[in-house]
Amino acid sequence: MQLLLLCWIFLLFPGAGAEEIIGGHTARPHSRPYMAFIQFLIEKDRKRCGGVLVRKDFVLTAAHCKGSSMNVILGAHDINKKERDQQKILVSRAIPHPDYYSSNFTNDIMLLKLKKKASITKSVKPLILPGLKSRVRPGQVCSTAGWGRVAPGSKFSEQLQEVQLKVQAEKECELLFSTYYNRSTQICMGEPRQRKNGFQGDSGGPLVCLNEIQGIFSYTRKNGMPPGVFTKVLSFLPWIKRTMKQTMLGD
Ligand SMILES: *[C@@H]1O[C@H](CO)[C@@H](O)[C@H](O)[C@H]1NC(C)=O
Ligand SMILES: *[C@@H]1O[C@H](CO)[C@@H](O)[C@H](O)[C@H]1NC(C)=O
């Protein structure tokens, strides 16, 4: 198990502790009011991930972004500054998908219940979940954003970065990631010859297509070259809706 995990990490780059936007640019401040910055600890190491506000009291992110002392910052642009639009809220419960396997990134999705509801402002606003009939098709252009690294070994970004990514044919990721890639629960994003991708620190961040959340950034190659793999939100809609309904306020 440990050996498998090490081999896996050698080949791939999981978001927590590592993913960042490569080949993108700084976002217009507060133009993505649904973005959440997530901070947590794994064995006393500070880690960061992205996430997306889906309701006043819930953030959707990747399951591999689970740690202790979790909190989220909403309404941020420059994460190292104390901006007046920022709302820092503690996480009362982290609910990873019950069938998440850290060894192979299966079902890499998690809901975070916030300790209090976010105040909706022009800088803090939920993004809608995909409609049941929505689809992403190869060639379609979507975008992702995050405060991750912009290259292997670089510093984490202070300001929110964004990048446009093209949906790839499933076989691109099936060839590259073999049994780890599952077309019914994952989306393959980013043209192989273009240096555009999510990277360390961007894990958990949303893939936005036509103003809907279609994906959650899960993993890519260690050298940051595309394509990258997003968890397909559409295939987890029943779990997301059921979980938000069952988790009572103040839980
Ligand atoms: C992922 O790992 C779990 C637990 O080891 C296993 O049951 C499952 O079949 C694996 N999935 C894939 C696609 O390898
Ligand atoms: C892909 O995921 C679906 C849905 O979880 C599952 O039923 C199927 O067995 C998986 N395929 C493989 C090859 O693991």
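## About the model

The model is predicted: local features need pLDDT of at least 70 and side-chain atom pairs count only at pLDDT 80 or more, while totals for chains, interfaces and linings use all residues. Residues are numbered from 1 along each chain as its sequence is written, chains are lettered from A and ligands numbered from 1 in the order in which they are written, and side-chain values use heavy atoms, leaving out hydrogens and water.

## The chain as a whole

Let's start with the overall picture. The chain contains three helices and 14 strands; these are DSSP runs numbered from the N terminus, with helices being H or I of at least four residues and strands E of at least two. Its C-alpha trace spans about 45 × 40 × 35 Å along the principal axes.

Of the 251 residues, 55% are buried (under 20% relative accessible area, with exposed over 50% and partly exposed in between; 1.4 Å probe, protein chains only). Contacts (heavy atoms within 4.5 Å) between residues at least 6 apart in sequence join residues at least 24 apart in 72% of cases. The chain exposes about 11,800 Å², and carbon and sulfur atoms supply 53% of that area (Shrake-Rupley method, 1.4 Å probe; for residues, only the protein chains shown count as cover).

## A buried arginine

Arg149 sits in the loop between β9 (141-146) and β10 (161-166). Arg149 has a relative accessible area of 17%, so it counts as buried. In sequence, Arg149 and Ile22 are 127 residues apart, yet their C-alpha atoms are 7.4 Å apart in space.

## Ligand 1

Around ligand 1 you will find Tyr101, Ser103, Asn104, Thr106 and Thr179, each with a heavy atom within 4 Å of the ligand. This shell has one nonpolar residue, four polar and no charged (Ala, Val, Leu, Ile, Met, Phe, Trp, Tyr, Cys and Pro count as nonpolar, Asp, Glu, Lys and Arg as charged, and the others, Gly among them, as polar).

A polar side-chain atom of Asn104 lies 2.4 Å from an oxygen atom of ligand 1. On its own, ligand 1 has 360 Å² of accessible area, and the protein covers 46% of it.

## Ligand 2

The residues around ligand 2 are Asn182, Ser184 and Thr185. A side-chain N or O atom of Asn182 is 2.4 Å from an oxygen atom of ligand 2, and for Ser184 the corresponding distance is 3.2 Å. Taken alone, ligand 2 exposes 360 Å², of which the protein buries 25%.

Note on methods
A polar contact is a pair of N or O atoms within 3.5 Å; within protein, one must be able to donate a hydrogen and the other to accept it, and residues adjacent in sequence count only if both atoms are side-chain atoms.
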